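Have the viewer open as you read.

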Amino acid sequence: MQAGQILKNLIPQTASVSASSFRTGQIIHGTITKLFPNQTAEVRIGQTKLIAVIEAPLKALEKYWFRVEAGEDLTRLKVLETKSGQQVNDAAQLLHQLSLGAGKEQLKLASFFLNNGIPATREILENAISWVQAAEDFDLGMASVKTMHIKNIPLTEENFQAIYSLETGKPLSSLLGRLTEQLSSFSEHSPASLKLLKAARALVETNAVKWADKALLELTRIWLTDPTSSPRAFQMLKSFGFVAAGSNEQQVLNSLLEHKELEKLQDPRLKQGLDILWKFSSASNVQDREAAVELLADWDPNGKGSTLFSGAAERVKSPIAADEQTGHPEMLNKREAAVLIKNLLVNLLGKSGPKENADAADWANDLKTLFSIGHESKYDSHLMLGRTIAALSDGGAPPEKGALPEGVDWLYSKLNQELVRPNFSNGKDVKNYFKQIIKELGLDQFLTASMQEAETSSSLKLALSEFLHTSETGQVKQTAEQLLHRIHAQALLSSESGPLQNMVMQIPVSFNEHVSDLTVQWTGRKKSDGSIDSDYCRILFYLELSSLKEVAVDMQVQNRIVRLTIYNEYAEPIKNLAQQWIPSLKEHFANIRYTLSSIHFNSSQGQAVFASPNHFQHQSPSYSGVDFKI
């Protein structure tokens, strides 16, 4: 059995109904199980029984239709007349009681409400019908309504869309990846779309891509600003195929003026600066040249009051000698153009490179665009560079037959201090890593007040809201809506149910060459002062890895005694490998005053296929109290 199915089975699906669950005006269908004095009776609704006041003659073991009425202590139910005729089924009776049409889909949903003991009013059923009919999958829509009933989630359209986004089973990381691809295809960005692209890309990029960005930036910076190491860095750019093998520095810089790809650049200053230089170099007459010189002289990209090209403009005011190949007057010779372009890149990139990861990713993308002008696409070169750095960071051999391109060890030594990667064997590292991802997603329910203030301007949730507020209809908007619904669903499923506290968290986790969804569900209880009782809880953990595939961990804590069960297709080999670390694990538990009593390794191979871990997230136990009236 796959790990997701195991976790689904670990937590019972129970739809609890109590007196507090009912609202005045709801229609319910129940069976009288016992009769008591003073017009009271025990009624079974679904799997739950309750005591209610019913002012009507009743028979035990008979089924009745009831309308919930206002009551002070016990629930008050009014018996409703049923539609005559033996052929009328319960679903049709419910629709009749609510004065709703009895179409095929209406009957199916009404029957679903009855079978799952979901109380209905005309408004609830009418809304549910419209939501489910609009959903791509009718059955998943009904399942979403059931989940909302189980979890006591208010039946609103926003909540329905959130829970439905989980029922579809689409991985969060896949939605992020799709959104990033869709936004990256934009020829021009609004502030909202660019902000969303940065937020989504930061969450879905693999370590190899992030490190390739840093490596490409470092190589370019060294090439442009470090005279001593510049030849070495330029040669490495050739080795990885970012620039043509037979080209020199002047040829590469001149090629950046090819105008056809400039609209793809994300940094507006870089785009504008190259556009000015292109206009200068392509001027066909004196008037165009003078206009370009004026632009060149006045351009202040950083708003610091000092123009970047003022000195250069003075040097190139007059036409220079004819071009050797064309014989026409050359408005900007190639050597001077190369100097200006290099000056532009150094000024914008900075001698120390971008400080923020988001800026580094933007600049790396712009550099890939520039290096691809007049040269074949080099995304594979970028990925190869990242894989090489990632392999070195893990202490292994780089890809492609273990061959190290010349100079990679030198580059790695320069990057090593900047490569940010969590040590998954260190609890504090993992905690900080998770907190950062939670902050970037904008999962408010897991953030402290200070963290919520800090995430206000940069979280994915806020970026999605701003984008959807300004975006028109289209596939990108649909993907953005699905992601926002997924974030909202986690808040809905992280709730209190009586003395129980339930928290569900799903976040994307980046590995060297893939991104996977980590799903954690914590269920526990609170102390009398409202704090979490760390002596008793249950934690379910699900992650899909590239080699081990699906891994599920069930951790149960009773009076600070811990029992672990690990589910995986390769349970026996993992068990054998894990023996050497179990003593250390017990010791670390003891250091925080817990006792590890047992670890079980169960195989998940050869059992029923389970599509997605999303299905177990909302299967947490509901709590319902028992009321006694004496």
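## Helix α9 and its neighbours

Helix axes here are lines fitted to C-alpha atoms over the stretch in contact, and the angle between two of them is taken between N-to-C directions, on a scale from 0 to 180 degrees. With that in hand, and keeping in mind that this is a predicted model, take a look at α9 and helix α10, which spans residues 230-239. Their axes come within 7 Å and cross at roughly 140°. Angles over 145 degrees would count as roughly antiparallel, so α9 and α10 are oblique to each other. Their crossing is left-handed. On the α9 side the contact is made by L216, L219, I222 and W223, and these meet S230, A233, F234, M236 and L237 of α10. Sorted by class, that contact has eight nonpolar residues, one polar residue and no charged residues.

Helix α9, residues 207-225, also packs with helix α15, residues 334-349. Here the axes come within 10 Å and cross at roughly 125°. That angle makes α9 oblique to α15, and the crossing is left-handed. The α9 residues involved are L217, T220, R221, W223, L224 and T225, while α15 contributes K342, L345, V346 and L349. This contact divides into six nonpolar, two polar and two charged residues.

## Helices α7 and α22

From α7, the residues L172, L175, L176, R178, L179, Q182 and L183 take part. They meet Q475, V476, T479, A480, Q482, L483, R486 and Q490 in α22. By class, there are eight nonpolar, five polar and two charged residues in the contact of α7 with α22.

## Helix α6, a covered helix

Helix α6 covers residues 157-167, and eight of its 11 residues are buried, so the helix is mostly covered. The buried ones are N159, F160, A162, I163, Y164, S165, L166 and E167. After α6 comes G169, with a positive phi near 80°.

Most residues other than glycine have a negative phi. Two residues in this model are worth a look on that account. S99 is not a glycine, yet its phi is positive, at about 60°. It sits in the loop between α2 (90-97) and α3 (104-115). With a relative accessibility of 55%, S99 counts as exposed.

R560 is another residue other than glycine with a positive phi, near 65°. Its place is the loop between β12 (549-558) and β13 (561-568). Is R560 buried or exposed? Its relative accessibility is 14%, and R560 therefore counts as buried.

T595, found in strand β14 (residues 595-603), is 35 residues away from R560 in sequence, with 6.4 Å between their C-alpha atoms. Leaving aside residues up to four places away in sequence, T595 touches R560, I561 and V562. T595 itself counts as partly exposed, at 47% relative accessibility.

## The chain as a whole

Stepping back, the secondary structure of the protein chain comes to 25 helices and 14 strands. Of its 630 residues, 47% are buried. Among contacts with a separation of 6 or more, 59% are between residues 24 or more positions apart.

How confident is the predictor? The mean pLDDT of the chain is 78, and 76% of its residues reach 70 or more. Over residues 615-619 the pLDDT is below 50, and this stretch has 24 contacts in the model beyond near neighbours in sequence. Residues 621-630 also have a pLDDT below 50, with 15 contacts counted in the same way.

Key: Residues numbered from 1 in each chain as written. Predicted model: local features only at pLDDT ≥ 70, side-chain atom pairs only at ≥ 80, totals over all residues. Heavy atoms only, no water. Helix = DSSP H or I, 4+ residues; strand = E, 2+ residues; numbered from the N terminus. Parallel < 35°, antiparallel > 145°, perpendicular 65-115°, else oblique. Left-handed = near helix turned anticlockwise from the far one by under 90°. Contact = heavy atoms within 4.5 Å. Nonpolar A, V, L, I, M, F, W, Y, C, P; charged D, E, K, R; others polar. Buried < 20%, exposed > 50% of the residue type's maximum accessible area, 1.4 Å probe, protein only. pLDDT = per-residue confidence, 0-100.
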